[in-house]
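Thank you all for making the time this morning.

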Amino acid sequence: MKLYSYFRSSSSYRLRIALNLKGLDYDIVPVNLVAGDQRGEAYRAVNPQGLVPALDTGSAQLVQSTAILEWLEEQYPEPPLYPADALARARVRGLCQHIACEIQPLNNLGVLGYLREALGQDEHTVNRWYAHWVTRGFESLEAAAPAEGYLGGTVPGMAEVFLVPQLYNARRFAVDLAPFPRLVAIDARCAYLDAFARAHPDRQPDAPPAHG
Ligand SMILES: N[C@@H](CCC(=O)N[C@@H](CS)C(=O)NCC(=O)O)C(=O)O
């Protein structure tokens, strides 16, 4: 499989974690969002929506991370990323959708670019916008987070596939995470796991070389 990805894209990061958790092999095809490659003709042929990620399964090209994650779960059910119980599954989906629908879309590159370039907002205002939506979103996730284990139970799963990249992005934008100790603790537990560590932006082939 080929994953069209940008190292700092949280939606791409979700897929890297899930593919790793399922033990699937994939090659990364970098799409440079800062250079605007997502809007170029070559990438539009892969994803007319002009967003990463996209997954080439070998027989089809899939777009939208949530749709791709559902396909992965159906096609490669082991290990499952959702809890076995239907109610618990619905709760996990609710957390995932909270991140995918209520937080990330307000803060993606295109939205921040529109605030800066079309609406003339300065960096301070853009960062306030970013922090506002992340903080509001994390408040309800923190309320749903257990003191131990993970959002969906005793093993990391789909909720962490969404949470860990969103926390990474929040740190990049210097959002204060002190009010969210449970989310930060879950993130720290995930960081020890190989599937999450290998998916980290710093470990991607398109990440700039480390300084120092
Ligand atoms: N709902 C989409 C969101 C995809 C998305 O926002 N991707 C961002 C990177 S995380 C992107 O490609 N941004 C490019 C742009 O806005 O021009 C998904 O889950 O795949």
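This is a predicted model: local features need pLDDT of at least 70, side-chain atom pairs count only at pLDDT 80 or more; totals for chains, interfaces and linings use all residues.

**Helix H7 and its partners**

Let me begin with a contact between two helices, in which Ser 10, Tyr 13, Arg 14, Ile 17 and Ala 18 of H1 meet Val 161, Phe 162, Val 164, Pro 165, Gln 166, Tyr 168 and Asn 169 of H7. By class, this contact of H1 with H7 holds eight nonpolar, three polar and one charged residues, where Ala, Val, Leu, Ile, Met, Phe, Trp, Tyr, Cys and Pro count as nonpolar, Asp, Glu, Lys and Arg as charged, and the others, Gly among them, as polar. Two residues are said to be in contact if their C-beta atoms, placed from the backbone, lie within 7 Å.

Residues are numbered from 1 along each chain, as its sequence is written. Helices (H or I, at least four residues) and strands (E, at least two) are DSSP runs, numbered from the N terminus.

How do H1 and H7 lie against each other? Helix H1, residues 10-21, and helix H7, residues 158-172, pack at an angle of about 140 degrees, with their axes 8 Å apart, and that makes H1 oblique to H7. Axes here are lines fitted to C-alpha atoms, for helices over the stretch in contact, and angles run from 0 to 180 degrees between N-to-C directions. Angles under 35 degrees count as roughly parallel, over 145 as roughly antiparallel, 65 to 115 as roughly perpendicular, and the rest as oblique. The crossing of H1 and H7 is right-handed, whereas that of H4 and H7 is left-handed; a crossing is left-handed if the near helix is turned anticlockwise from the far one by less than a right angle, and right-handed if clockwise.

Staying with H4 and H7, their axes come within 8 Å and cross at roughly 30 degrees, and these two helices are therefore roughly parallel to each other. On the H4 side we find Val 92, Leu 95, Cys 96, Ile 99, Ala 100 and Ile 103, which meet Met 158, Ala 159, Phe 162, Leu 163 and Gln 166 in H7. The residues of this contact divide into 10 nonpolar, one polar and no charged.

The next partner of H7 is H8, and here the axes come within 10 Å and cross at roughly 105 degrees, which makes H7 roughly perpendicular to H8. Glu 160, Leu 163, Val 164 and Leu 167 in H7 meet Leu 183, Ile 186, Asp 187 and Cys 190 in H8, and these residues divide into six nonpolar, no polar and two charged.

**The whole chain**

If we now step back, the protein has nine helices and four strands, and along the sequence they follow the pattern β-α-β-α-β-β-α-α-α-α-α-α-α. With 212 residues, a compact globule would have a radius of gyration near 17 Å, and the protein agrees with this, having 17 Å; the radius is taken over C-alpha atoms, and the globule rule is 2.2 Å times the number of residues to the power 0.38. Of the contacts with a separation of 6 or more, 69% are accounted for by residues 24 or more positions apart. Buried residues make up 34% of the 212 residues, a residue being buried if 20 or more other C-beta atoms lie within 10 Å of its own, exposed if 12 or fewer, and partly exposed in between, with C-beta atoms placed from the backbone.

**Some residues in loops**

Leaving aside neighbours within four places in sequence, Val 31 is in contact with Tyr 4, Ser 5, Tyr 6, Asp 37, Gln 38, Tyr 43 and Val 52.

From Val 52 to Pro 53 the peptide bond is cis, with omega near 5 degrees, and Pro 53 lies in the loop between H2 and strand E3. The peptide bond from Glu 78 to Pro 79 is cis, with omega near -15 degrees, and Pro 79 is found in the loop between H3 and H4.

Finally, Gln 64 is not a glycine, although it has a positive phi of about 70 degrees, and with 17 C-beta neighbours inside 10 Å it counts as partly exposed. Ala 174, in the loop between H7 and H8, has a positive phi of about 55 degrees although it is not a glycine, and with 10 C-beta neighbours inside 10 Å Ala 174 counts as exposed.
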